[in-house]
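Subject: Structure handover

Hi there,

Here is the structure I promised to pass on. Please open it alongside this note, and I'll walk you through what turned up.

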Amino acid sequence: MAPQHETRTTDAPDPEKHQERKLSYPTETPSVEGVPAPEDSKGWNRERVINLLIRNAMVIVLLIVMVFFALRNDRFLSVANARTILIAAAPFALVALGQTIVILTGGIDLSVGSVIAVSAMSGAWMAVNYPDMVWLGIIVAILVGTFVGLINGLVISRLNVAPFVATLGTLTAASGFAYVIGGGAPINGLPESFGTIANTRVLGLQLPVFFMIAGFVILGIVMRYTAWGLRVYSVGGNRTAAEVAGVNAKNMLTSVYVLSGMLAGISGIVLASRVISGPPNLGKGYELFAIAAVVIGGASLMGGRGTVWGTLVGLLLIQTLNNGLDILVVPAYWQAVISGVLIVAAVAVDMWASRRSSS
Amino acid sequence: MHPVLEVRNLEKAFGGVPVLRDVSLSVHAGEVVALAGENGAGKSTVMKIVTGQVQRDAGEVLVNGESVPHIDTQVARALGVAIVPQELAPYPDLTVYENLFVGREMHTRFGFLDRRGMLNQARQMLDVFEVDIDPSTLMNRLSVSVTQLVEIAKATTWGAKAILLDEPSSAIPDREVDRLYAVVRKLRAQGVAMIYTTHRLAEIQQLADRVVVLRDGRLVMDEALAQAPEHAIVRAMIGRDLDSLFPDKVEPRHEIGLTVRDLQVERGGPTVSLEVRRGEILGLGGLVGAGRTEIAEGIFGIRESHAGDILVGDNPVRRNSPSAAIRAGVALVPEDRKGAGLVLLQSVLDNTSLPHISEFSTLGWIHGRERRAAVKQASESVSLRSRGMDQIVGTLSGGNQQKVVIARWLTEEANVLLLDEPTRGVDVGARGEIYAIIHNLAATGLAVLLISSDMQELIGLSNRVMVVRDSAVVGELSTEDLQHEDVQERIFRFASGLEQNDADGTAA
């Protein structure tokens, strides 16, 4: 036994968290004991409104961006354009959702782009070889995605490899597999029925838009009303404390990466269905896009803070921006520059706002 | 002669709540002033003002008799006022000498780092302290106490004339404090003025020339050590006699609540056996690092144990499984409240409901109303003061945070309560409340295991005390023993290995 350190279950103190704790100190000291504030003061005083605005800073940014584009071009505010934005956002929605949950645990999943590719390629391969059984391709694609997620989860939770490194590994390996499946080339000659998944329209909207809506609604509910959701937040907020409270953190971490992989698998099959082929570079760069949406949505990369709703706002903000700049005929390269600047600016605004609201 | 450092009529409030009210104190060259007081009394704030980390609202700070209108950290450093913080922040992946010279590196003629020169000078600096460290060791190889000595060395080499030591002994094992004391005395002999914050009375007696006590932001005592007997210091710190904090003890019931048989936490190490009756508070005494935390964590299953049996009532509990322990009604209040007890970013509701979340959910679906009702009841039973259940736990005071840590085990029926330093970092007002909560829980029939390094607390609350040294139980004191006047000394003798008895209580 090494008696020189006071034994505790915590690992080496995380410098970031540490700082957070220190920052919280001044607010903690003066808390007046014995003065319970009224349980719930209804009524709209000024402070409440300001707090509400600050808490939804990103929604306001989104509205400002929309107003800006609407004033510049009247084509922007139309049902057709709203539909365009939703359709453009849909393919990213599921991976951004998975990424949200992973980031809530303090992790990151860099592999989703490649998981899209490898599951799309396996689905496409199945569809070419068993053209009568499209559903088999779908199932295989989802299973492949789930499997990669399981590997991520096990490597991270059991072998204690940092999520960044573990998923960087699967990012590279899964991408390699995607090319192996197609022999280095896209898989073509898929049955037409393969396209029904992505190209069927309901109420003038393609199915993936409904997948997006369903995904946000379901996970929104899961995160708020289930024990699993609460445990995700606890493991991300303070893993040791969660373990002391009986949460099996390893299983929680594994489940989160499995979910992310599964959602990427679904995205893969949807994307392949849209083009009715299997390009091995499908989904490239989606991981960074997804991370951007999550972070704009107010999630902390340290874990424990963020919401599914925030990610939706982040996703829509990015898409609205791209769409609006398209309408204003801003060249694509400049669009990238503007998007990049806005991502950082949005997060800076959010940090400022959350500091305001906590002080 | 002017004092090296003096503050006059210092005032400070955070968010409208005063934390310092009209505080004046001074320290002369070659003097050690013990700054005592409970948590939240304002000790740290004084230190932070003097070192420029926090700005004062009113009052004056004088260095060598000259008033300093504005202090920031740069100014403080230039004036020779240095602090060795409670939570050290070295550069763990740099060497000792690099740590010593960061910010005032030595250069060669060509502008490169003069590593040889720094190494030599570092060696001399450490030799002065008679500390045997190779300056080229990596900082993260050093124990906390040695790291602390390096930090003190750093302060002196910056030319500090006044050094503030913030609870320096709180993070290091008792057997290493002697080295710290030696360094403090050496610095005093060199004419350095020192302010030393501590809770420990023994330490004040050993080191201080003068005692200054703060309570609730006010200065309540400033005396030469000779004029400040121990009980007077205690009374000044807590504002009343300590005994009044402890409720009367209750008679334990007959049924055994917790049985631990031959629990071996460390492979090949000693085993521990103990029984706690329902309604009984069994204290675990011993020095910091004696292995008490490990025993509690082993019982709870969060720390791996290798052999032994654990029974709650008559039912065996699977070892190494916190969730099995929780199902059996075992509750752990860990020593490190913020690190292991709470998710600070989450609400009171979420924190309190986490351990028993499956009890208010069906197939993972949380029943909101049931959960709120259970949390409400549990928080009321510990008289939690919060702005409602949705308040973020990180914004509660230390005492109320600790109540949340306890309350979260009370949403379902608990049988065994393992408390590890339950009042660490809790101010004195809330401390009495927590004692009452513990006492009431025991009275309802819980078996309570109480680990405490606070001797008064251990004796004041426990029905029985076992003393642990090197992971083994080395002595036991019955209820009658605890009423003896020599009880503190006996516990200390067991804890430090001066005395030993076997399990049946006969002295050897």
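A quick definition before we start: helices here are DSSP runs of H or I with at least four residues, strands are runs of E with at least two, and both are numbered from the N terminus. Please keep in mind that this is a predicted model.

Let's begin with the backbone. Most residues other than glycine have a negative phi. A:Asn160 is not a glycine, yet its phi is positive, at about 55 degrees. You will find A:Asn160 in the loop that runs between helix 6 (134-158) and helix 7 (163-181) of chain A. With a relative accessible area of 56%, A:Asn160 is exposed.

B:Leu363 sits in the loop between strand 17 (361-362) and strand 18 (365-366) of chain B, and is exposed, with a relative accessible area of 90%.

Now for a helix pair. In chain A, the axes of helix 13 (residues 286-296) and helix 14 (residues 308-327) come within 7 Å and cross at roughly 120 degrees, so the two helices are oblique to each other. Their crossing is right-handed. On the helix 13 side, the contact includes A:Phe289, A:Val294 and A:Ile296, while helix 14 contributes residues including A:Gly310, A:Gly314, A:Leu315 and A:Ile318. The residues of this contact divide into eight nonpolar, four polar and no charged.

Conventions
Residues are numbered from 1 along each chain as its sequence is written. Chains are lettered from A and ligands numbered from 1 in the order in which they are written. This is a predicted model: local features need pLDDT of at least 70, side-chain atom pairs count only at pLDDT 80 or more; totals for chains, interfaces and linings use all residues. Side-chain values use heavy atoms; hydrogens and water are left out. Buried means under 20% relative accessible area, exposed over 50%, partly exposed in between (1.4 Å probe, protein chains only). Axes are lines fitted to C-alpha atoms, for helices over the stretch in contact, and angles run from 0 to 180 degrees between N-to-C directions. Angles under 35 degrees count as roughly parallel, over 145 as roughly antiparallel, 65 to 115 as roughly perpendicular and the rest as oblique. A crossing is left-handed if the near helix is turned anticlockwise from the far one by less than a right angle, and right-handed if clockwise. Contact means heavy atoms within 4.5 Å. Ala, Val, Leu, Ile, Met, Phe, Trp, Tyr, Cys and Pro count as nonpolar, Asp, Glu, Lys and Arg as charged, and the others, Gly among them, as polar.
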